[in-house]
Amino acid sequence: LHVRDAARGIVRATAFHQKTEPVNLGTGIETSIRELAECVADAAGYTGRIEWDTSKPDGQPRRVLDVSRSRSFGFDAGISLQTGLRETIDWYQTRFR
């Protein structure tokens with residue numbers, strides 16, 4: 001979840017969510033570690049090979065947030081993973097290169 005979407009979701013929850021149960025702010029889109037690594041490599045212009053150490057534990061194989069509560073008060077993430085990564089990498093490169 002991009003920080004701008006998170007901030008927008010927190011403000012919206014404060015204004016429209018009057019219940020006490022927790023609310024997940026997220027995209028509701030499942031992204032595997034492989035997909036994430038490939039997105040980061042693409043956004044950074046990395047053309048090398050990504051190597052996976054299959055001898056390590058897999059961890060939690062699948063996870064996706066239930067965002068139904070945040071959607072009930074009109075929140076939907078507007079910034080895609082690819083766009084957020086590109087913006088973050090561009091920001092970093094302009095400051096630290």
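Reply: Trp91 has a relative accessible area of 44% and is therefore partly exposed (buried is under 20%, exposed over 50%, partly exposed in between, with a 1.4 Å probe and protein chains only). The model is predicted, so local features need pLDDT of at least 70 and side-chain atom pairs pLDDT 80 or more, while totals for chains, interfaces and linings use all residues. Residues are numbered from 1 along each chain as its sequence is written, and side-chain values use heavy atoms, without hydrogens and water.

Me: How many aromatic pairs are there?

Reply: A ring pair is described by the distance of the centres and the angle of the planes. The count here is two (Phe, Tyr and six-membered Trp rings with centres within 6.5 Å; stacked under 30 degrees, edge-to-face over 60, otherwise tilted). Trp91 and Phe96 are edge-to-face, at 6.1 Å and 70°. Tyr92 and Phe96 lie 4.8 Å apart at 35°, so this pair is tilted. Phe96 is exposed at 53%, whereas Tyr92, at 48%, is partly exposed.

Me: Is Ser70 buried or exposed?

Reply: Ser70 is buried, because its relative accessible area is 1%. Ser70 belongs to helix 3, residues 68-72 (a DSSP run of H or I, at least four residues, numbered from the N terminus). Its side chain reaches the backbone oxygen of Val67 at 2.9 Å. Beyond four places in sequence, Ser70 touches Val23, Asn24, Leu25 and Phe75 (heavy atoms within 4.5 Å).

Definitions and conventions:
Helices (H or I, at least four residues) and strands (E, at least two) are DSSP runs, numbered from the N terminus. A polar contact is a pair of N or O atoms within 3.5 Å; within protein, one must be able to donate a hydrogen and the other to accept it, and residues adjacent in sequence count only if both atoms are side-chain atoms.
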